[in-house]
Amino acid sequence: MNAFDLTGKIAFVTGASYGIGYGLAKAFASAGATIVFNDLSQDKVDGALANYKADGIVAHGYVCDVTDEDGVNATVAQIEKEVGVIDILVNNAGIIKRIPMHEMSAADFRQVIDIDLNGPFICSKAVIPSMIKKGHGKIINICSMMSELGRETVSAYAAAKGGLKMLTKNIASEYGEFNIQCNGLGPGYIATPQTAPLREDGHPFNTFIIGRTPAARWGTPEDLQGPAIFLASEASNFVNGHILYVDGGILAYIGKQPK
Ligand code: NAP
Ligand code: GCO
C-alpha cells in the first residue's frame, strides 16, 4: 500500500492558476489526484487550464472569489455535481499588501483579512459537510512565516496568517472525530509573483532573506510538493492541527553574522 498515493482523490486548490497553488496542484496530479481550482476571472481560469493541459493535467477550473460565501457554496455544489465530492481542500488563495500599519487604511486591512482568513473559513465550511458524509477529508491551510513572526509593513497579512494557524488548529479540534485532518503548510520565502517585488535586482530584502535562510536561497513551489502530498495523503492520517513549515530553516536560525 502506498500511503502517499492520491489516486481517486479530488483535490480543490484555491487560487491555483499559478504560483504555489499551481505547484501544489501539479504535485497532487503526479500522485494521482483529480485537480480542481478556482480563480477570479474566466481569462485566468482559461489560461491556467491551458497550462495544466500543457503539463499533461486535465484540470477543472471555476471562476470563484473565496470571500463570496454564496459563490463558494454554489461552486462546491457544482464541483460535486460535475467532478465529485472534494477529498482534499487546499486554502491557498491569498494576497498581501505591504504598507506601514499607521499608513494602512482599514479597508486595505479588512481586504487582506477577508481573503487570507475569511476565505479559508468560507471554503472549509463549504466542504466539511460532504467530507463528514464521505467519512474522511483533508484540509490544508497555506500559512506563512508570518504565522509566527512579524515584520514591517505586513500587519494585516501577519494577523491573517496568525489567525489561519489557529483556525487550522480549531478545525482539527472540531472535526478530527469525523476523520478530517486539518493541517497547515507554512512556506518560507518562495519565488512566486507575490514575492517578485522583494526579489528585484539589488533589493536589500533579497540579501536579507538569503542571510536569514540556512539554505541560503529562496524556496520554489517545487520545494513544497513533497510536504503537501504528505499532508494530502493517508500518510498523515494521524497528523492533525500541525503547521508543517517548509522554510529552509528560517524559523530555526538567528541569521548569518554580518561579515
Ligand atoms: P500569488 O502568486 O500572488 O498567487 C495568489 C493566487 O491567489 C492567484 O492565483 C490569485 O488570483 C489568487 N487569489 C487572490 N485573491 C483571490 C480570491 N479572493 N479568490 C480566489 N483566488 C484569489 O501568491 P503565491 O506566492 O502563490 O502564494 C499562494 C499562497 O501562499 C498565499 O496564501 C500566500 O499568502 C502564501 N504564501 C506565499 C509565500 C511566498 O513566499 N510566495 C510564502 C508563504 C505563504 P489572481 O491572479 O486572479 O489575483
Ligand atoms: C513578505 C513576504 C512574506 C511571504 C511569506 C513568508 O512581504 O514578508 O511576502 O510574507 O509571502 O508569507 O512566509
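How many residues surround ligand 1, and which are the closest?

Modeller: Happy to! Please keep in mind that this is a predicted model. Ligand 1 is surrounded by 28 residues, and the closest are Tyr18, Asp39, Asn92, Tyr157 and Thr192. Sorted by class, that shell holds 15 nonpolar, nine polar and four charged residues. Helix H1 (19-30), strand S2 (34-39) and helix H5 (155-175) each contribute at least two residues to the shell.

Asp39 places a polar side-chain atom 2.4 Å from an oxygen atom of ligand 1. Tyr157 also has a polar side-chain atom by an oxygen atom of ligand 1, at 2.6 Å. For Asp65, an N or O atom of the side chain is 3.0 Å from a nitrogen atom of the ligand. Taken alone, ligand 1 exposes 900 Å², and the protein buries 93% of that. As for its location, ligand 1 sits in the largest pocket.

Oxygen atoms of ligand 2 lie 2.6 Å from a polar side-chain atom of Arg98, 2.8 Å from one of Tyr189 and 3.0 Å from a backbone N or O atom of Gly188. On its own, ligand 2 exposes 330 Å², of which the protein buries 96%.

Technical notes:
Residues numbered from 1 in each chain as written. Chains lettered and ligands numbered in written order. Predicted model: local features only at pLDDT ≥ 70, side-chain atom pairs only at ≥ 80, totals over all residues. Heavy atoms only, no water. Near = heavy atom within 4 Å. Polar contact = N/O pair within 3.5 Å; in protein donor to acceptor, adjacent residues only side chain to side chain. Areas by Shrake-Rupley, 256 points an atom, 1.4 Å probe, with all protein chains shown as cover. 1 Å grid on protein atoms, 1.4 Å probe; cavity = no way out; pocket = protein on both sides within 12 Å on 5 of 7 lines; lining within 4 Å. Sits in = over half its atoms within 2 Å of the grid points. Helix = DSSP H or I, 4+ residues; strand = E, 2+ residues; numbered from the N terminus. Nonpolar A, V, L, I, M, F, W, Y, C, P; charged D, E, K, R; others polar.
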